[in-house]
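Reader: Could you walk me through this model, with the cut-offs spelled out as we go?
Author: Gladly; here it is.

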Amino acid sequence: MFDLTGKIALVSGGAKGIGKGIVSALKNSGAQVIIADIDDVAGNATKEALGVDFMHLDVTSQAACEQVVNNVVKQYGKLDILCSNTGIFPQATIKEMTEADWDKMHTVNLKGMFFLVKAALAVMEKQQYG
């Protein structure tokens, strides 16, 4: 792949599924990886299985996104890579989907990405890298 030794990577939604694969690939490329996920059980299991770190994060909270990014920088000194991977999709057809399902999906998938990218951007602009 490529060498990411010395890089600090934050992966939201990294506890399972595609995110877990991203975490594994970044780790195998030499990055120090931090999983940010709302699922503490899966997050801690992936942390142990892959030898990475875990921080609880609900991406629907702008304050929580800012806090996790700030905690990463405080603990590791920088943030080089952000993979905003968090996403949900209700297990329903569009015909069955409710407006509440639709709103929750967009809050997690779009607003959550906006909150996390905005928090990381503030750090990455200061360090002129990321």
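Author: Let's begin with a definition: helices (H or I, at least four residues) and strands (E, at least two) are DSSP runs, numbered from the N terminus. The model is predicted, so local features need pLDDT of at least 70 and side-chain atom pairs count only at pLDDT 80 or more, while totals for chains, interfaces and linings use all residues. Residues are numbered from 1 along each chain as its sequence is written, and side-chain values use heavy atoms, with hydrogens and water left out.

Reader: Thanks! Where is Gln91, and is Gln91 buried or exposed?
Author: Gln91 sits in the loop between β4 (81-84) and α4. Buried means under 20% relative accessible area, exposed over 50%, and partly exposed in between (1.4 Å probe, protein chains only). With a relative accessibility of 81%, Gln91 is exposed.

Reader: How far apart are the C-alpha atoms of Gln91 and Asp101?
Author: These two residues are ten residues apart along the chain. The separation of their C-alpha atoms is 9.5 Å.

Reader: Which element gives the most to the lining of the largest pocket?
Author: On a 1 Å grid over the protein atoms alone, a pocket is an open set of points where a 1.4 Å probe fits, with protein on both sides within 12 Å along at least five of seven lines; lining residues have an atom within 4 Å of a point. The largest pocket is lined by 19 residues, and Gly13, Asp37, Thr86, Gly87 and Ile88 lie nearest its centre. Two or more lining residues come from each of α1 (17-28) and β2 (32-37). With three residues, the element that gives the most is α1.

Reader: What volume does the largest pocket have?
Author: Grid points are joined across faces, edges and corners, and a volume is the space filled by probe spheres set on the points. For the largest pocket, that volume is about 350 Å³.

Reader: How many salt bridges does a search of the whole structure find?
Author: A salt bridge is a side-chain nitrogen of Lys or Arg within 4 Å of a carboxyl oxygen of Asp or Glu. Asp39 and Lys16 form one of them, at 2.9 Å from N to O. Asp80 and Lys78 also pair, with their closest N and O atoms 3.3 Å apart. The search of the whole structure finds two.

Reader: How far apart in sequence are the parts that Asp39 and Lys16 tie together?
Author: The side chains of Asp39 and Lys16 meet in a salt bridge. Asp39 lies in the loop between β2 and α2 (40-50), and Lys16 in the loop between β1 (8-12) and α1, so the parts the pair ties together are apart in sequence by 23 residues.

Reader: And Asp80 and Lys78: which of them counts as buried, and which is partly exposed?
Author: Lys78 has a relative accessible area of 27%, so Lys78 is partly exposed. At 5% relative accessibility, the buried residue is Asp80.

Reader: What separates the C-alpha atoms of Ala9 and Lys78?
Author: Ala9 belongs to strand β1 and is buried, at 0% relative accessibility. Ala9 and Lys78 are 69 residues apart along the chain, yet the separation of their C-alpha atoms is 9.4 Å.

Reader: One last point: what is the phi of Gln128?
Author: Most residues other than glycine have a negative phi. Gln128 lies in the segment after α4 and is exposed, at 73% relative accessibility. Although Gln128 is not a glycine, its phi is positive, at about 55°.
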